[in-house]
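Here is a structure to explore together. Take a moment to turn it around on your screen before reading on.

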Amino acid sequence: MSVRLPESFVNRMRTLLGDEFEAWLASYAAPRRYGLRVNTLKTDGESYRMSSPFREGLRPVPWAEAGYYYAEEDRPGKHPHYHAGLYYIQEPSAMAPAELLDVRPGHRVLDLCAAPGGKSTQIAAKLKGSGLLVANDNARERTKALARNLELAGVRNAVVLNEEPERLTPVFRGFFDRVLVDAPCSGEGMFRKDESMIADWLRHPAGHWTAMQRKVLRRAAEMVAPGGLLVYSTCTFSPEENEERIAELLAERPDFEVVPIALAHGWAPGRPDWVRLEGVDRRHVEAVAGTVRLWPHRVEGEGHYAAVLRRASGAARADADAGGDPRESVGAGARDPDAAHGGAARDRLRARASADADRGRDAGKAGKRGKARGNGAFGGRDADPLEAWRAFRAELLPEFEPPGRLVAAGELVYAQPEGVPDLSGLSVVRHGWLLGEARRGRFAPSQALAMGLAAEEAARRVDYGADEPEALKFLKGETLPLEPRRLTLRPGAEGRPPDAAGYALVCVDGFPVGWGKLRDGLLINERPPGWRWM
């Protein structure tokens with residue numbers, strides 16, 4: 001066996017699995033499976049599979065829309081299509097929880113433990129640009145990867161937060177149609193994929209994780225709207241972190257019930273017989289039979305657990321019992337914070353600074369540069385950032401209308417999804433889709449804006465093929481000679497000389513990968529350092 005498992009772990013699994021133990025143990029000697037999920041915000045999954053550039057081709061993951069297995073030697077992370085956001089590399093079993101969440105366009109969705117963002121990008125693809133995604137993680141450093149992956153995927157309707165769950169509940173009590181809790185866990189199901197997790201397992205006893213999971217799950221339940229769904233998932237085998245957490249929540253929250261998951265694709269049912277909780281009604285224990293386990297000897301993937309819970313439609317009373325007024329979160333005020341709180345909320349939001357991950361700033365720096373005024377203009381010599389954006393849009397994106405509403409935070413300009421409550425007092429990493437930054441009276445478009453656009457939305461674009469050396473050079477940050485044949489101008493912009501100064505959207509195989517500046521016959525590379533292919 002290639003993976004050296006802790007003896008105490010093996011002995012425990014022998015006791016739990018009985019007749020299945022030998023098959024489970026043998027799975028650790030089998031090759032691991034590799035998966036990617038095609039980004040349907042940018043391309044069709046099946047069409048991409050049929051035209052895949054990978055030698056071994058792509059084979060569908062049966063439980064995941066646009067999910068595919070690939071051969072290890074294909075190395076999709078080394079292909080320009082990865083840098084165009086056409087797919088996300090994701091372990092196949094990890095695709096299951098977001099599928100079970102049953103997200104529909106228009107839903108308000110919370111991914112509570114979201115970093116590094118794989119499941120958030122999966123949720124965003126299901127929203128299809130409609131509704132709201134709030135992606136949160138309590139680890140500041142991890143939110144950088146979270147924001148970047150959402151931006152790489154071209155997500156236009158997400159807000160990224162860096163908060164503890166208890167600070168979110170007063171703002172979002174009873175707010176979300178769907179909540180995903182991909183809980184921090186002991187990671188037993190990932191030992192074959194990542195042996196470093198074994199060291200973490202040896203350092204932290206089970207109680208370290210269960211206390212955290214109990215706290216997170218309780219807070220998550222408070223943020224589910226009546227009639228909404230909560231999916232709880234882990235990548236561990238431990239009953240204390242799986243079935244016991246669900247049975248305990250059912251005992252505490254009579255307004256929630258398990259939605260039984262169909263046993264397809266080799267999935268196995270949850271195990272009520274492994275629950276050892278004292279004082280919990282047996283009916284709550286038996287209900288966990290409707291949850292699922294993905295075992296590495298039964299599926300082509302690693303070990304996972306998932307439960308789907310539905311909150312009763314008439315659950316408003318439970319919100320009040322929990323200490324909040326449900327009218328504050330499920331009425332018109334939650335969907336339209338300006339209507340609920342007037343211009344003061346809008347002014348506070350504009351004044352609040354946000355992290356600028358492209359340039360490594362901490363949250364708060366941008367807002368200190370000037371005194372905010374109610375119309376979004378800032379003191380000093382800098383122009384109103386919203387006006388700078390409008391001037392840029394008129395020139396380069398004349399027929400483009402950003403979704404939601406424009407919000408300025410310092411010099412940064414966002415398109416914020418409709419229905420976002422007042423976020424004052426929360427640590428906001430992204431107020432929405434980051435469009436760019438006003439600098440000395442001019443607008444600098446963000447990498448996030450480039451990745452969220454379609455090629456035809458830009459008045460000027462430069463095109464390369466993925467198999468051309470210029471594509472790789474641009475992705476690495478190099479400045480290139482501008483060949484006139486590469487430049488495409490929209491109708492009305494044909495009179496502009498090819499060597500005139502200005503921004504152009506740079507595309508690979510027709511998909512945006514960043515901005516370039518046209519100057520003196522050159523394409524000046526504007527891909528931020530953190531985005532360059534190293």
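What you see is a predicted model, in which local features need pLDDT of at least 70 and side-chain atom pairs count only at pLDDT 80 or more, while totals for chains, interfaces and linings use all residues. Residues are numbered from 1 along each chain as its sequence is written, and side-chain values use heavy atoms, with hydrogens and water left out.

**Two helices that cross**

A word on names first: helices (H or I, at least four residues) and strands (E, at least two) are DSSP runs, numbered from the N terminus. Find helix α10 (residues 206–222) and helix α11 (residues 243–252), whose axes come within 11 Å and cross at roughly 45 degrees. That makes α10 oblique to α11. Axes here are lines fitted to C-alpha atoms, for helices over the stretch in contact, and angles run from 0 to 180 degrees between N-to-C directions. Angles under 35 degrees count as roughly parallel, over 145 as roughly antiparallel, 65 to 115 as roughly perpendicular and the rest as oblique.

Which residues of α10 and α11 meet? On the α10 side they are Thr 210, Gln 213, Arg 214, Leu 217, Arg 218 and Ala 221, and on the α11 side Arg 245, Ile 246, Glu 248, Leu 249 and Glu 252. Contact means heavy atoms within 4.5 Å.

Is α11 mostly covered or mostly uncovered? Helix α11 is mostly covered, with eight of its ten residues buried (buried means under 20% relative accessible area, exposed over 50%, partly exposed in between, with a 1.4 Å probe and protein chains only). Among the buried residues of α11 are Glu 243, Ala 247 and Leu 250. The buried residues pack against α10 and also against other elements, including β9 (224–234), α12 (282–287) and β13 (304–311).

**A sheet of four strands**

Strands of a sheet pair through backbone hydrogen bonds, either parallel or antiparallel. Two strands pair if DSSP finds at least two bridges between them.

**A sheet of six strands**

Another open sheet has six strands in the order β20-β24-β23-β22-β19-β21, and its pairing is mixed. β20 (480–481) and β21 (487–489) stand at the edges with a single partner strand each, so one side of each is left without a neighbour in the sheet. The table lists some of the pairings in this sheet.

| Strand pair | Direction | Bridges |
|---|---|---|
| β19 (residues 460–464) and β22 (residues 502–508) | parallel | four bridges |
| β20 and β24 (residues 522–525) | antiparallel | two bridges |
| β23 (residues 511–519) and β24 | antiparallel | four bridges |

You can pick out individual partners too: Asp 463 is bridged to Cys 507 in β22, and Lys 517 to Ile 524 in β24. The hairpin of β23 and β24 has two residues between the strands, and Asp 520 there takes a positive phi near 55 degrees.

**A loop residue**

Finally, look at Pro 31 in the loop between α2 (21–26) and β1 (34–38). Pro 31 is exposed, with a relative accessible area of 65%. Pro 31 and Glu 300 are 269 residues apart in sequence and 9.9 Å apart in space, C-alpha to C-alpha.
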